[in-house]
Amino acid sequence: MSDTLVPTAEEIIAQGNVVYRRPDALSDAWTHYCPGCTHGIIHRLIAEAIDELGIQEKTILVAPVGCSVLMYHYFNVDAVEAAHGRAPAMATGLKRTQPDKVVFTYQGDGDLAAIGTAEIIHAANRGEQITVFFVNNAVYGMTSGQMAPTTLPGMVTTSSPDGRDVRMHGYPIRMAEVIAGLPGACYVVRRSVYDARTIRQAKKAVLTAFKTQLAGLGFSMVEFLSSCPTNWHMTPPDALKWIRDTMVPYFPLGDFKVADEVKAWT
Amino acid sequence: MAKELWKGNEAIAEAAIRGGVEAFFGYPITPQTELLEYMAARMPQLGRAFLQAESEVASINMVYGAACGGARAMTSSSSPGISLMQEGLSYIAGSEVPAVLVDIMRGGPGLGNIQPSQSDYFQVTRSAGHGDFHPIVLAPATVQEAVDLMYEAFPLAEKYRTIVILAADGSLGQMMEPAEMPPMRPPLSEAERGAWAVRGAAGRAKRIITSLFLQEEELEALNLRLQAKLKRIAEAEQRWEEVATDDAEFLLVAFGTVGRTCKTVVREARQQGLRVGLYRPISLWPFPWPRLRALAGQVRGILVAEMNAGQMLEDVRLAVENRCPVRFHGRMGGVMLLPDEILAALQAMIAELRHSPLAVAAETR
């Protein structure tokens, strides 16, 4: 015991009192994400699921182009870096030659819903045995806030300075609903991480998505509504409220495709 | 194994299978489609991966993924499809994984046509993608040579962790002729897979395969490593064939099936008493220039013949460095060069240059 009444961190750990720690599947690197960005929460949920399923040594991560381009530094698993939008094709090549591995992609809205639309549609439609984590924050974050395929109608971005005009730029794509319409897709849900309740629900979906792949049932995807305080020009708490009050009405949370075999776990 | 009658595209596919390909990803495009169809039938029989992708963009990225895992992976296509693959090829080059590609070339630009052409020479040797890199490019002249080069493609790709492109014009893909197949190469053992391959971090530190290097010094270091490797390849992997060069006063230079046609031209020219030889580059990158430079020093002139507007011609001129005059005869748009017109172009050059000094004298002036 130290000479004050307050125990040190080491003393607490020594007593076996740890109730919350970094998952083994997460590295101890500092991330480059902006303050208040929810990529960190989503990373953690995936890492927790990898730990709980005991799959760290057989998991291969396919990183995207976008804000999470450097995520392979943050996970303690084998990883490759895909070209913009091509992660599902690369994951297909990995999984078809190493069917005993767990292969997942992690993609933003520009990556998955714009430049990589063909790759995600066909990977899902083939029932590719991979898991996709799709992070939808309604903007291109890495390039500093341009209009994304998921930017909401009227939303101001650096490339839609007067707000997204749907007659000019079309409508935000609801990817979970699109993918759920494909017969090869097995588990497709939309979650968010704006409060404790949605984070717990998202964690369960991540576990189910991985279990779908482990059971060889087919393609699984979890879409996350995620915050971007920097490019939304909001404080982190306001950004979380904006997800709940503005994004969720357009991108409803829910289960869009749950195959019968998967229903037992949900 | 005895010779059998093979269609070019199918022979290349079977040679790749015997060479150990574990995964084929492709997309239909004339005139290479029989290669894909052959793989569709054979690969599943052998328990290997075959997938018809949604595009050439996807095919090459599937190859990239499989190759990152240390698998012998390949795709095949024709000219417009290779254009779509340039993104993936650049990433593969930047992350130094071995991969094999077959380009059965057709007429361009644009949708062009489906007739044989050599107009992808620049694309495969110079501009296979953004950034500083060259694939190894091998150009067969016969179905047998296509088989032999295809069989060597994976060991070559693995030796240097680089891209190997087998580049043949559409006529070679479509023609049938006898060829002898090599034996089945044994599959790679786990121990033989590269110590860089991404196969799950079991009992070892994690591995990352990326072409992203945000610090300029890091990216420069990668480029310096790539350039050093390209220099090693350039020194060790030059391939060519010579015909009747010993006493040649005039030299034909041609690659692929045009090189084969030029053998007929050499024979006919020799029958007319013309001392003509042939230099046929087999590796287009690395271009086998030192030997060509030596030959340029002993002839009165060189005629380059290609089914394009004069693409290898630039490499020939760089090799020759004005040691002798260089002329060109080419056809485009999928028109095939026939022996008679090459012979006529050769006779015209000879008429022009027959009194010009032998280049060796010119060099010493």
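1. Start in chain B. B:Phe24 stands opposite B:Met74 in strand 4 of chain B. Strand 2 (residues 23–26) and strand 4 (residues 73–77) of chain B run parallel and are joined by two bridges. Strands here are DSSP runs of E with at least two residues, helices are runs of H or I with at least four, and both are numbered from the N terminus. Two strands count as paired if DSSP finds at least two bridges between them.

2. A word on the model. It is predicted: local features need pLDDT of at least 70, side-chain atom pairs count only at pLDDT 80 or more, and totals for chains, interfaces and linings use all residues. Residues are numbered from 1 along each chain as its sequence is written, while chains are lettered from A and ligands numbered from 1 in the order in which they are written.

3. The seven-stranded sheet. Its order in chain B is 3-2-4-5-7-6-13; the sheet is open and the pairing is mixed. Strand 3 (49–52) and strand 13 (283–285) of chain B are the edge strands, each pairing on one side only. From one strand to the next, the twist averages 20°.

4. Strands 2 and 3 of chain B. These pair in the parallel sense over four bridges. B:Gly26 has B:Gln52, in strand 3 of chain B, as its bridge partner. Between the two strands the chain passes through helix 2 (residues 33–45) of chain B, and this β-α-β crossover is right-handed. Right-handed has a set meaning: with the strands pointing away from the viewer, the path from the first strand over the helix to the second runs clockwise.

5. Helix 3 (residues 56–68) of chain B lies across strand 2, strand 3, strand 4 and strand 5 (99–105) of chain B. Helix 3 of chain B runs at about 165° to strand 4 of chain B. Axes are lines fitted to C-alpha atoms, for helices over the stretch in contact, with angles from 0 to 180 degrees between N-to-C directions.

6. The five-stranded sheet. Also in chain B, this open sheet has the order 10-12-11-14-15, with mixed pairing. Its edge strands are strand 10 (240–243) and strand 15 of chain B. Strand 10 of chain B runs antiparallel to strand 12 (residues 276–281) of chain B, over four bridges. There, B:Trp240 stands opposite B:Pro281. Helix 9 (residues 256–271) of chain B packs on the sheet, at about 170° to strand 12 of chain B. Helix 11 (residues 312–320) of chain B packs on the sheet too, at about 160° to strand 14 of chain B.

7. The contact between chains. Chain A gives 28 residues and chain B gives 33; contact means C-beta atoms, placed from the backbone, within 7 Å. On the side of chain A, helix 3 (87–97) is among the elements that give two or more residues. Helix 3 of chain A supplies the largest share, eight residues. Strand 2 of chain A also runs parallel to strand 9 (residues 208–209) of chain B, joined by two bridges. A:Val80 stands opposite B:Ile209.

8. The core. The largest nonpolar core has 196 residues, and B:Ile302 is one of those with the most contacts inside it. Such a core is a set of buried Ala, Val, Leu, Ile, Met, Phe, Trp, Tyr and Cys residues joined through C-beta atoms within 7 Å. Beyond four places in sequence, B:Ile302 is in contact with residues including B:Leu251, B:Val316 and B:Val326.

9. Backbone points to check. Two cis peptide bonds deserve a look. One joins B:Thr30 and B:Pro31, with omega about 5°; B:Pro31 is in the loop between strand 2 and helix 2 of chain B. Another joins B:Trp285 and B:Pro286, with omega about 0°. Most residues other than glycine have a negative phi, and most peptide bonds are trans. A:Ala138 has a positive phi, near 70°. A:His233 has a positive phi, near 60°.

10. A:His233 is exposed, with 11. The cut-offs are 20 or more other C-beta atoms within 10 Å for buried, 12 or fewer for exposed, and partly exposed in between, with C-beta atoms placed from the backbone. B:Val335 has 14 such neighbours, so B:Val335 counts as partly exposed.

Definitions and conventions. Two residues are in contact if their C-beta atoms, placed from the backbone, lie within 7 Å.
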